[in-house]
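Here's a quick briefing to read alongside the picture. Have the sequence handy and follow along.

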Amino acid sequence: MHMEPGNDSQCLEFLLLGFAEDPELQPLIFGLFLSMYLVTVLWNLLIILATISDSHLHTPMYFFLSNLSFVDICFTSTTIPKMLVNIQTQSKAITYAGCITQIHFFVLFVGLDDFLLAVMAYDRYVAICLPLHYMVIMNCRLCGLLVLVSWVVSFLHALLQSLMMLWLSFCTDLEIPHFFCELNQVVQRACSDTFLNDLVIYISAVLLGGGPLTGILYSYCKIVSSIHAISSAQGKYKAFSTCASHLSMVSLFYGTSLGVYLSSAVAPNSHSIATASVMYTVVTPMLNPFIYSLRNKDIKSALRRLYERER
């Protein structure tokens, strides 16, 4: 049975195999993912509320952080609710339209995570290497422009990837060994030529994944040499501590996502990819607000003030 794109494709359903085949484990997985999802949404919302309501946090760094928190809420909302519904209804199906939509938003928010982490690295670079010019360089206009460009580029890339999915034909092997419609996995299920799709995925991974990462590494090379030039140990510690939270987030996001893609190159169909993907699709967005709020006096006091105002 051969399906032409735009013809019978609308009737297609993919099967998301998820994690455990064992039905007894499903309630445990449901509870675990629901609690992780709720923690992610609540903590990231708290960060957004704190940065909006507290004038002390009206600085470029916290403006970017609140944008990252918003993206992380959307990022997890792209995959987890559908997975929870599937466990609850004991169904593994996702429609063709649902799958393409999920791919679009997943690619959009992964791209935004990438770009925002790079923008935050640039902010730290200006703060530490050019402290006297910080307020002039990181003005409201530039901050808004950096976020806008991140959104536009990520949206256009996501649109390109999802439109290219529409050209593919799918036959009978529609089982995806994952808990969401992951771009590579869905392309591998196509029974038409996927050369162009693979090429675009590869090129965009190099440009849109490697580009921001190169920017982050360059920023940190400059930051490290600036910190090295500071004479007092206290000054060094103070300068480094403003970067520590961001560095933790970058390590977590890139470490886990690169790990997933390297493991998928070695074992394309294994369930371990789905498990590894949980790290950067669920755990990283959940930990980001903790990393920032636990290490950061400004956020802690803003949250405290927010709590006291609500009482």
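This is a predicted model: local features need pLDDT of at least 70, side-chain atom pairs count only at pLDDT 80 or more; totals for chains, interfaces and linings use all residues.

Residues are numbered from 1 along each chain as its sequence is written, and side-chain values use heavy atoms, with hydrogens and water left out.

**The overall layout**

- You'll find ten helices and three strands in the protein chain (helices are DSSP runs of H or I with at least four residues, strands are runs of E with at least two, and both are numbered from the N terminus).
- Walking along from the N terminus, the order is β-α-α-β-α-α-α-β-α-α-α-α-α.
- If you boxed up the C-alpha atoms along the principal axes, you'd need roughly 70 × 45 × 35 Å.

**Inside, outside and charges**

- Of the 311 residues in the protein chain, 48% are buried.
- Among contacts in the protein chain with a separation of 6 or more, 79% are between residues 24 or more positions apart (contact means heavy atoms within 4.5 Å).
- The accessible surface of the protein chain is about 15,500 Å², and carbon and sulfur atoms own 69% of that (areas come from the Shrake-Rupley method with a 1.4 Å probe, and for residues only the protein chains shown count as cover).
- The protein chain has 15 positive and 19 negative charges, and their mean positions sit 22 Å apart (Lys and Arg count as positive, Asp and Glu as negative, while His and the chain ends are not counted; the place of a charge is NZ of Lys, CZ of Arg, CG of Asp or CD of Glu).

**The disulfides**

- There are two disulfides in the structure (a disulfide is a pair of cysteine sulfur atoms within 2.5 Å).
- One links C99 and C181, with the sulfur atoms 2.0 Å apart.
- C99 is in helix α3 (residues 96-129) and C181 is in the loop between β3 (175-176) and α6 (183-188), so this pair ties together parts that are 82 residues apart in sequence.
- The C99 and C181 link is left-handed, with -120° about the S-S bond, and both cysteines are buried.
- The other joins C171 to C191, at 1.7 Å from S to S.
- C171 is in the loop between α5 (140-165) and β3, while C191 is in the loop between α6 and α7 (195-229), so the pair ties together parts that are 20 residues apart in sequence.
- The torsion about the S-S bond of C171 and C191 is about 90°, so this disulfide is right-handed.
- C171 is buried, at 18% relative accessible area, whereas C191 is partly exposed, at 34%.
- Number the bonded cysteines in sequence order, and the pairing reads 1-3, 2-4.

**Cysteines without a partner**

- C140 is in no disulfide, and its nearest cysteine sulfur, that of C143, is 6.6 Å away.
- C140 is exposed, with a relative accessible area of 74%.
- C243 is in no disulfide either, and its nearest cysteine sulfur, that of C129, is 8.6 Å away.
- C243 is buried, at 1% relative accessibility.

**A few residues to look up**

- N86 is part of helix α2 (residues 60-89), and at 8% relative accessibility N86 is buried.
- Skipping neighbours within four places in sequence, N86 is in contact with L16, S91, K92 and A93.
- Q90 belongs to the loop between α2 and β2 (93-95), and Q90 is exposed, with a relative accessible area of 76%.
- Phi of Q90 is near 55°, which is a positive value in a residue other than glycine.
- Along the chain, E182 and Y37 are 145 residues apart, and their C-alpha atoms are separated by 19 Å.

Note on methods
Buried means under 20% relative accessible area, exposed over 50%, partly exposed in between (1.4 Å probe, protein chains only).
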